[in-house]
Amino acid sequence: MSGLKDFLAMTRHERRGTIVVLVVIALILAMTAMVRSCPSDSLDAEQVSEMQRFQNEVDTVSITVDGQGKSRKPKAGKKKPRRPRAKKPKQVKPAPQPRRIDPVPQF
């Protein structure tokens, strides 16, 4: 029984800190419940009609694409022709030596 008593023993500062944390949690929960229970502001008829008009306008927008595209011509004299890079010979790695197996100590 003394082990449990030692586990639950608190100093005055620890008790106050625990109470403060519990009060903060309770306040957050209460504020969350109040915000969820409050009715949301209803929209005016004017705002609803504007939203409907906007949605209808967005739904009917069509994209037109011109068949003519700009032709891309390389500009003469601006770019130098590339020289092919010299290929380096591939280096062959030697095969790794097998790892040494140490005996496992027995206790």
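Tutor: Happy to! This is a predicted model, in which local features need pLDDT of at least 70 and side-chain atom pairs count only at pLDDT 80 or more, while totals for chains, interfaces and linings use all residues. Residues are numbered from 1 along each chain as its sequence is written, and side-chain values use heavy atoms, with hydrogens and water left out.

Let us settle on helix 2, which covers residues 12–37. Helices here are DSSP runs of H or I with at least four residues, strands are runs of E with at least two, and both are numbered from the N terminus. The expected span of a helix is 1.5 Å times one less than its number of residues. For the 26 residues of helix 2 that gives 38 Å, and the end C-alpha atoms are 38 Å apart, so the two agree. Confidence is on its side too: pLDDT is the predictor's confidence in each residue, from 0 to 100, and helix 2 has the highest mean among the elements, 94, whereas helix 1 (residues 2–8) has the lowest, 76.

Together with Val21, Leu22 and Leu29, Ile25 makes a nonpolar surface patch of about 390 Å². Such a patch joins nonpolar side chains (Val, Leu, Ile, Met, Phe, Trp, Tyr) within 5 Å, taken from residues with over 30% relative accessible area and no salt bridge.

Now for the surroundings. The protein has three helices and zero strands, in the order α-α-α. Of its 107 residues, 0% count as buried. The accessible surface, from the Shrake-Rupley method with a 1.4 Å probe, is about 12,800 Å², and carbon and sulfur atoms hold 59% of that. Mean pLDDT for the protein is 81, with 79% of residues at 70 or more.

A salt bridge needs a side-chain nitrogen of Lys or Arg within 4 Å of a carboxyl oxygen of Asp or Glu, and the count is one. Asp102 and Arg100 form it, at 3.1 Å from N to O. Asp102 is partly exposed at 47%, and Arg100 is exposed at 71%.

Methods: Buried < 20%, exposed > 50% of the residue type's maximum accessible area, 1.4 Å probe, protein only. Patch = residues over 30% accessible without salt bridge, like charges linked within 9 Å, V, L, I, M, F, W, Y side chains within 5 Å.
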